Amino acid sequence: METTPRSGAARREAHWATHARQYLPHARVRLSVPVTFSYRRSDPLCVRAVFQCPRGSDITWNLGRDLLATATRTLVGGCDILGWPDPVDGRLWLRLGPHPEHALLSIDRAQLTAWLQITYTLVPPGAEEDHLDWTPIQQLLTRG
């Protein structure tokens, strides 16, 4: 687990590089997919997950930090993103994409929970609005 502090300034980002297990339909093997989770104070509601695919094309998903946190405890999501804990093996399941063309992945739930705790030191839960840049919305509202 790695965080990226700025020298002489408050930490603004947190990164976590790990491997997800991808489960393929009708296959007995699971693929190990490198994935990097990134969180930035400037985008306080979002966690970016970049999956490095073997053919060289990275796939990026923007996931809600609250969704990931809730998925460590219970089933959450709908449509294109579902997450839930596996109480037997300590992993967290993510189903990304519409059914039936979705990716089914699992990651270590304890490590994800520990990394989410680091993101809470950057922006505490419930304080996300304090870190949002409202300027573009204010500019749209004042046009007229």
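Predicted model: local features only at pLDDT ≥ 70, side-chain atom pairs only at ≥ 80, totals over all residues.
Good morning. The largest pocket of this protein is lined by 14 residues, and those nearest its centre are Gln 22, Phe 51, Cys 53, Ile 59 and Ala 103.

What is the volume of the largest pocket? The computed value is about 330 Å³. Sorted by class, the lining comprises 10 nonpolar residues, 3 polar residues and 1 charged residue.

Let me place this in the whole chain. The protein chain has 3 helices and 9 strands, and along the sequence their order is β-β-β-β-β-α-β-β-β-β-α-α. Of its 144 residues, 33% count as buried.

I now turn to one helix, α2, which covers residues 109-122. From its first C-alpha to its last, α2 reaches 20 Å, close to the 20 Å expected for its 14 residues at 1.5 Å a residue.

Which residues of α2 are buried? They are Leu 112, Trp 115, Leu 116, Thr 119, Tyr 120 and Leu 122. These residues lie on the same side of α2, because they cover an arc of only 155° around the axis. On the other side of α2, by contrast, Ala 110 and Thr 121 are exposed.

What covers the buried residues of α2? The covering elements include the strands β2 (13-23), β3, β4, β8 (91-96) and β9, together with the helix α1 (65-71). Thank you for your attention.

Notes. Residues numbered from 1 in each chain as written. Heavy atoms only, no water. 1 Å grid on protein atoms, 1.4 Å probe; cavity = no way out; pocket = protein on both sides within 12 Å on 5 of 7 lines; lining within 4 Å. Points joined across faces, edges and corners; volume = space filled by probe spheres on them. Nonpolar A, V, L, I, M, F, W, Y, C, P; charged D, E, K, R; others polar. Helix = DSSP H or I, 4+ residues; strand = E, 2+ residues; numbered from the N terminus. Expected span 1.5 Å × (residues − 1). Buried < 20%, exposed > 50% of the residue type's maximum accessible area, 1.4 Å probe, protein only. Arc of directions from axis to C-beta. Contact = heavy atoms within 4.5 Å.
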